Structure formats: C-alpha cells, structure tokens
Amino acid sequence: MVEYEKIRKIPYGGDYNPEQWPEETWEEDMRLLKLAHIDIVTLNVFSWAMLQSDDDVYHFEKLDKIMDLATRHGMKICLATSTGAHPAWMAKKHPDILRVTTNGMKRKFGFRHNSCPNSPAYQKYAVQLASKLADRYKSYDNIVAWHISNEYGGECYCENCENKFREWVKEKYKTIGEVNRVWNTAFWGHTFYDFDEIVAPSLLSEHLTDFQTAFQGISLDYRRFNSESILNAFRLEYDAIHAVTPDIPITTNLMGTYQPLDYRMWGKYMDFISWDNYPGADAPVEAAAMRHDLMRGLKQGKPFALMEQTPSVQNWQPFNTLKRPGVMRLWSYQAVAHGADTVMFFQMKRSVGACEKYHGAVIDHAGHENTRVFREVAALGDELDRLGDQTLGARSEAKAAIVFDWDNWWAVSYSSGPSVYLDYCREVQRYYKALFDLNIPVDMIGVEDDLSPYSLVIAPTLYMVKSGYDEKLRDYVKNGGRFLTTFFSGYVDEHDLVTVGGYPGKLRDILGIWVEETDALPKSGSNRFHYHEKTYPASMLCDLLHTNGAQALAFYEQDFYAGMPVLTKNSFGKGFGYYVATCSDNDFYRDYLYEICEEAGIKPLMDTPDGVEVTRRSNEKGSFLFILNHREDSYVASLPFAGTDLLTGKSYEEGDALTLEKKDVAILRLG
Ligand code: GLA
Ligand code: ZN
C-alpha cells in the first residue's frame with residue numbers, strides 16, 4: 001500500500017471470506033463487488049483450520065482457488081496469514097498454545113486471539129504457515145500487502161509466559177538487587193533473593209482487579225513484557241514473509257487507543273500502519289479524528305491504511321445504530337482527511353452463522369445490490385475511482401503536537417489515587433477537542449519523537465517522565481518552544497518511582513512551580529476560576545501550587561485554597577512552560593488554547609461552526625483542504641482560499657461561498 005506504482009487510486013474494499021460460502025456463490029460475489037467499485041480484498045484472515053489439519057498436513061487448494069478468483073477479477077489482494085485464531089486440533093495436540101487468564105484459568109479451545117504468544121507450538125506453526133503462504137503466492141503481483149494475524153491483543157499468564165517474564169526481567173535489570181530497587185520491594189516485605197521467586201502479577205498475586213495492583217512497578221513491567229511478547233510473535237511472522245517477498249509491505253491491523261499493546265513500539269516494526277475504526281454511535285466526531293491522528297503518528301506522519309470500518313452497522317455494541325445516509329462516506333473521507341490512503345471495510349459479505357452474521361457488509365443477506373448500503377458503497381466507490389491518486393502519499397503539517405505515551409497510560413491507570421475519575425485518554429481528548437474545534441492540525445507524538453517541528457507541545461497528565469525526557473523538554477523550551485502540561489504530571493520515573501523534592505518532579509524548573517498538594521473532588525464537586533472576564537469550572541483534581549518563577553494567570557475562588565494559582569506561565573530560556581492545575585470544561589480549553597496558539601503563531605486552517613471539520617494534506621500534486629460537514633444541517637463556507645473541489649469539479653475564488661449539505665464533504669485542491 002506504500003508502493004504507489006501498483007495503486008493509482010485509494011484502494012477500496014476489505015475483508016472477504018468466501019471460504020465460509022459454497023463455491024457456486026463466488027462469481028456472483030465478484031459481480032456485486034465490482035459493481036460497487038471494490039478493487040481490493042483482504043483474504044484469508046481466519047482460515048488456519050482450513051489450511052492445516054495436522055502438524056505437517058496443509059491444504060491450499062481452496063485458497064488457491066480464491067486467490068485465482070480475486071486475481072481473475074482484477075482485484076488487488078491484502079493477504080492475511082490466518083494466525084489470529086488457531087485450529088481446534090492444534091489446541092488439543094499442543095495445549096501450551098492455550099492462554100491462561102489473569103485469574104489462572106487455563107482456556108480451552110474457542111473464540112479467537114487465543115494463542116499464547118510465547119508458546120513454542122504457536123510460534124513454530126504460525127511462522128511455518130506464514131512462510132508457506134509467502135512461498136506459495138509470491139508470484140502474484142496483485143498482492144499489495146501482507147496482513148499478519150488480526151487485531152492482536154490480550155494477555156497471557158501461563159507458566160511459559162511467567163518463565164519468560166523472569167528471563168525478561170533478568171535481561172533488563174541484570175541483578176536481583178536492581179529489581180528490588182526499581183520495584184520498591186522493601187514495601188510490604190516483597191524482597192526477592194532469586195529471580196525464580198518472581199511471579200506474574202495477576203489476580204492470583206498482586207492484583208485485586210485488572211488495574212488495581214499492589215506493585216505498580218511489577219505490573220508495568222508485565223504490561224511491557226506482554227506487549228513485547230505479542231510483538232515478537234508478529235515479528236517472527238514478519239521475518240518469515242519478508243525473507244520471501246521483501247518488496248511487499250507488511251502490516252497488522254491496530255485498534256486506535258487499545259491499551260494492552262504499546263503501539264508506539266509496534267509502529268517501528270510495521271512497514272505501514274493500518275487500523276480498524278469502529279466509533280460508538282454516540283462517540284463525538286473528534287474521538288475518531290484523534291485516533292486517526294494517533295495512528296498516523298506511529299510512523300511520524302506517514303499515511304496509514306484504514307483497514308476496517310463497517311459499511312453500516314456493528315453487531316457488538318449494546319445497540320447497533322445504523323450509519324445514517326452519507327455518514328459512511330463522511331467517515332471514510334474523515335479517515336482520508338487525517339492521513340488514510342485506503343478506505344476498507346469489514347466486511348464484503350455477511351456470513352450466515354456465528355456472532356458476526358448481523359455485522360454490516362457490502363453484500364447483505366438479501367444477496368443483491370438493491371439495498372441502501374450497497375448503493376452508498378457503490379457511489380463512494382465510483383467517486384474514489386474519479387478521485388484517483390491525487391491525495392495518495394500526502395502528509396499533514398502540524399505546528400501543534402499532543403504527547404500520547406502508552407507507559408504513561410498504564411501507569412496512570414495503575415495508580416492508586418488520586419481519583420478514580422482520572423482517565424488518561426479522556427484528558428488527552430479534552431485538549432485534542434479544543435484544537436479540533438479550532439481547526440488547528442495536531443500531530444499525536446510519542447516521547448521518542450523530535451519536538452523541533454512544533455511551536456506548541458501539549459502533554460496532558462504526563463505522570464511518568466522517563467529518564468531523559470525532561471532534558472528533551474528543557475532543550476525544546478529553552479530554544480523557544482511552548483510546553484503545556486497539567487495536574488498529575490512529573491510524579492514518577494519509568495519505574496513508577498516518585499521523583500522526590502516536590503511535584504512536578506523533573507518538570508519543576510521548566511514550569512517554575514511547586515505543587516504541594518492535590519485535592520480530588522467528588523464527581524459533582526467543583527471549584528472555579530476567572531480568566532479574561534470569564535468564569536470556568538475547576539473539577540476532578542485541583543493542585544495546590546506555589547509559583548517559583550512562574551507568573552500566575554488565574555486563581556481558585558473557593559475552598560481553603562481560594563487565591564492559589566490555577567493557571568501559570570513560566571518564561572524559560574526563549575520559550576514558555578504552561579501549567580493547568582485542574583480539569584475544566586470545553587469552553588475553557590478552547591479559549592485558552594486559542595490564546596496560546598495565537599502567541600505561538602499557530603493559525604486555524606479555517607473558521608467554522610461546531611461540527612464542521614477542516615484538515616489539510618499536501619503532496620507533490622498539491623495541497624488539499626478537506627472540509628467535512630458532520631452537522632445535521634447544511635453549511636455555507638466563505639472560502640479563505642481559491643481552489644477546485646475534487647469531488648464536484650467546481651472551482652472557487654477566494655471569498656466565494658461553498659455550500660455543503662449535511663454530512664457532505666469537499667476536498668479543495670488549493671491554488
Ligand atoms: C474487528 C475484526 C474483524 C471483525 C470486526 C467486527 O475489527 O478485525 O474481524 O470482528 O471487528 O466489527
Ligand atoms: Zn502464555
């Protein structure tokens with residue numbers, strides 16, 4: 001998908017499972033899919049049991065036929081390795097393949113994502129299958145990508161994993177003394193004398209619930225170990241395939257803000273990022289936007305693939321609302337607006353049995369093209385044909401960045417106190433939403449990313465400041481950068497050990513403050529503050545802080561800490577450190593970030609009412625302004641630029657009016 005010579009337009013298609021249907025139906029499927037302008041199918045996602053019936057017994061005949069079917073009909077293929085669900089015989093014959101859950105329950109065969117990543121049998125047979133597939137189909141030049149497994153996830157606590165964890169800990173910390181130090185085992189008399197005394201932190205040991213642990217340090221390390229173990233399983237298959245088809249890019253489908261896997265680390269080992277977008281029916285539009293940006297950021301802004309979305313409806317929500325007319329198209333373009341170079345679905349055709357039979361599909365159980373969903377899919381397919389390759393490879397340019405770090409997320413979730421209402425993703429999304437509402441492009445970055453492209457870096461709830469990150473931030477701000485952070489930041493290092501000397505630890509000099517205490521409010525409780533003639537709420541957490549060089553911009557108005565600063569700004573080198581000591585409302589975030597962006601010279605792309613989203617991507621063909629109307633009514637834009645709408649062919653001068661009906665989209669090529 002990164003090889004644009006093979007793809008002269010946005011690939012359009014998705015998961016297709018003809019092996020679940022009689023062969024006589026396949027030609028009709030192809031007729032329908034072509035009628036819908038589908039040009040790529042993801043094949044072989046869950047066929048391991050069909051492909052292998054014993055240790056060394058493989059059957060590729062049916063897959064051969066399917067590969068030929070797709071090829072004969074001019075489809076590009078995203079070829080999956082099928083290792084997202086292992087066969088029943090394998091579980092019976094090699095029980096080490098079965099996972100153990102956090103409560104010590106050894107699973108039986110069933111469901112999917114069910115293999116222990118450290119199981120020797122799983123590793124052996126997954127790699128063997130991947131290399132056989134690569135070898136067998138390497139001559140198909142319509143394979144445009146490899147899709148390893150499917151939505152990797154979960155955890156395993158089997159004995160095998162526990163042993164591997166001990167090795168991992170030993171490799172990382174070298175001596176048992178260092179392990180005792182970083183896990184602070186002197187607390188509750190946990191001192192270890194030997195590595196083999198260490199057990200996996202689970203409901204059988206350190207945990208009360210998934211996120212309540214007695215030893216955050218141990219639990220954090222197990223998260224890292226589990227994420228790396230599963231990544232290792234991906235990499236084993238990757239290497240096997242790459243050795244045979246080095247020119248075909250390899251991916252696996254990610255899931256946005258999926259907590260168990262450190263996608264930042266995963267991104268390094270994937271040729272391109274792909275992900276599955278399933279927002280809940282009541283999710284605000286910025287939720288999907290943020291996740292697209294997060295996924296784009298995993299490879300420093302390189303375009304990604306939208307691997308799955310539903311054409312109409314899901315089956316696994318409490319109630320499965322239909323995508324209203326126009327919404328599937330709108331959300332497809334929203335993905336493209338944020339960096340997607342594909343528009344793909346789960347699924348091409350509904351199955352007749354099991355739990356996803358009511359999940360939306362291009363081909364419905366009705367079996368023909370006379371459905372609303374089919375018509376919408378076909379219309380978008382036609383439009384994408386006409387759009388061609390214009391936007392492929394285009395990059396977004398942002399001057400503002402938001403830091404999102406998985407280790408930090410884990411640590412915040414594991415923290416016992418200060419408040420159960422603290423949710424890292426929600427805090428990040430508050431700041432994201434403000435910039436989103438202002439049409440200010442954002443890059444979602446990790447702590448390893450370069451800060452120099454940005455005039456503003458926001459790190460909400462940066463609880464964990466890993467070794468060296470304070471130095472990086474210090475250099476950035478000294479050189480003129482603007483850095484903003486919030487309550488519950490700077491407390492601990494990468495081991496969840498508190499940085500003593502006062503909060504926010506190593507960030508104190510950059511921010512010019514000392515946080516002495518933090519008040520956690522009940523859900524309904526709130527304090528308030530005044531800023532530029534407006535009153536805003538202060539909720540959830542309220543830091544009681546002292547300035548230490550910083551300027552105080554606003555003050556609490558209630559309770560015993562009335563008069564203490566709630567917003568501060570510190571001049572540091574050529575730049576500034578901003579601190580927001582509490583949680584407030586959308587108005588506050590929007591107003592405050594607008595002001596800071598202005599100071600930083602960051603301009604909104606366009607001024608629009610709520611619900612009209614604007615982004616920009618550029619490549620050698622031009623610069624494209626995406627205007628997306630998520631509203632329930634039409635919207636008339638007064639264009640700040642001249643350009644041609646690629647979807648309608650209409651040209652506009654600067655200042656012209658452009659009308660977008662509800663749920664409509666314009667892609668203006670500027671100039
Ligand atoms: C995921 C999976 C698919 C399917 C869909 C249903 O994204 O990858 O196999 O289960 O969910 O929404
Ligand atoms: Zn295991």
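Tutor: Let's start with the term: a cavity is a set of grid points where a 1.4 Å probe fits but cannot get out, and its lining residues have an atom within 4 Å of a point. Keep in mind that this is a predicted model.

Student: What makes Asp293 a lining residue of the largest cavity?

Tutor: A residue counts as lining if it has an atom within 4 Å of a cavity point. The largest cavity has 16 such residues, and Asp293 is among those nearest its centre, along with His338, Pro441, Val442 and Thr615. About 160 Å³ of space lies in there.

Student: Which elements supply at least two residues each to that lining?

Tutor: Helix H10 (285-297), helix H14 (424-437) and strand S24 (612-619) do. S24 gives the largest share, 4 residues.

Student: How do you know that S24 and S25 pair?

Tutor: Pairing takes at least two bridges between the strands. S24 and strand S25 (residues 622-629) have 8, in the antiparallel sense, so they count as a pair. One of the bridges joins Val612 to Asn629 in S25. Both strands sit in an open sheet of 6 strands, ordered S12-S24-S25-S30-S27-S28.

Student: Why are S12 and S28 called edge strands?

Tutor: Because strand S12 (395-396) and strand S28 (651-652) each pair on one side only.

Student: What classes make up the lining of the second largest cavity?

Tutor: That lining has 5 nonpolar, 8 polar and 1 charged residues. Tyr counts as nonpolar and His as polar, so Tyr122 and His113, both among the residues nearest the centre, fall into those two classes.

Definitions and conventions:
Residues numbered from 1 in each chain as written. Chains lettered and ligands numbered in written order. Predicted model: local features only at pLDDT ≥ 70, side-chain atom pairs only at ≥ 80, totals over all residues. Heavy atoms only, no water. 1 Å grid on protein atoms, 1.4 Å probe; cavity = no way out; pocket = protein on both sides within 12 Å on 5 of 7 lines; lining within 4 Å. Points joined across faces, edges and corners; volume = space filled by probe spheres on them.
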